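Subject: Structure handover

Hello,

Here is the structure for you to look over. My notes follow below it.

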Amino acid sequence: MKNTAMLSLAALFAGALVCAPKDPGLSDRYNPATAVEVRGVVTDVRVVPAGSPLAGVHVTLKTKTENVEVFLAPREFLVLLKSTVAVGDDLRIFGSRVNGIILTREFFKKGESIVLREKDGDPVWENWGVSIDSSIITG
């Protein structure tokens with residue numbers, strides 16, 4: 001009886017894994033091949049809650065030709081950098097357009113550069129708070 005229950009539970013779990021929806025974040029990976037540069041005025045700023053795909057600060061940018069949604073970074077990371085974005089700010093964004101959203105690699109505000117991703121698109125915030133081994137630093 002126990003074996004049958006365990007087998008049934010294992011089958012149910014395996015079925016759930018097979019039928020589970022694909023992680024929505026996987027389709028929103030930075031792609032250097034779709035790199036873009038846009039400039040415009042921020043018309044909306046919103047924070048997508050943790051646990052949602054692309055959680056963090058999003059802005060709508062009005063360019064000369066379109067309104068575009070731009071994902072900057074997790075809110076906590078922007079706070080750490082002491083970087084704020086508000087409606088009316090003029091931004092220049094370098095990023096990757098993926099599924100209609102620009103994933104920001106770097107942005108400029110009032111001449112100041114804020115780097116959010118490596119050139120290959122890896123988020124800089126993935127390693128924040130990680131200790132650096134001082135033995136690897138030369139100089």
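The largest nonpolar core has 25 residues, and L61, V70, L72, I93, F107 and L116 touch the most other members. Such a core is a set of buried Ala, Val, Leu, Ile, Met, Phe, Trp, Tyr and Cys residues joined through side-chain atoms within 4.5 Å. Two or more residues each come from strand 1 (35-48), strand 2 (56-62), strand 3 (67-73), helix 2 (75-80), strand 4 (90-98) and strand 5 (101-109). Strand 3 gives the most, with five residues. In soluble globular proteins, nonpolar side chains tend to be buried together.

Beyond its neighbours within four places in sequence, L72 is in contact (heavy atoms within 4.5 Å) with V57, V59, L78, V85, I93, T104, F107, L116 and W125.

Some ground rules. This is a predicted model: local features need pLDDT of at least 70, side-chain atom pairs count only at pLDDT 80 or more, and totals for chains, interfaces and linings use all residues. Residues are numbered from 1 along each chain as its sequence is written, and side-chain values use heavy atoms, with hydrogens and water left out.

The overall layout: the protein chain has two helices and six strands, in the order α-β-β-β-α-β-β-β along the sequence. Helices (H or I, at least four residues) and strands (E, at least two) are DSSP runs, numbered from the N terminus. Of the 139 residues, 32% count as buried. Buried means under 20% relative accessible area, exposed over 50%, partly exposed in between (1.4 Å probe, protein chains only). Among contacts between residues at least 6 apart in sequence, 48% join residues at least 24 apart.

Now S96, in strand 4. S96 is buried, at 0% relative accessible area. Its side chain reaches the backbone oxygen of N31 at 2.8 Å. Leaving out residues up to four places away in sequence, S96 touches Y30, N31, T34, A35, I101, I102 and L103.

Which residues other than glycine have a positive phi? K82 is one of them, with phi near 60 degrees. K110 is another, with phi near 55 degrees. Most residues other than glycine have a negative phi. K82 sits in the loop between helix 2 and strand 4. K110 sits in the loop between strand 5 and strand 6 (112-115). Are these two buried or exposed? K82 is exposed, with a relative accessible area of 78%. K110 is also exposed, at 78% relative accessibility.

Best wishes

Notes: A polar contact is a pair of N or O atoms within 3.5 Å; within protein, one must be able to donate a hydrogen and the other to accept it, and residues adjacent in sequence count only if both atoms are side-chain atoms.
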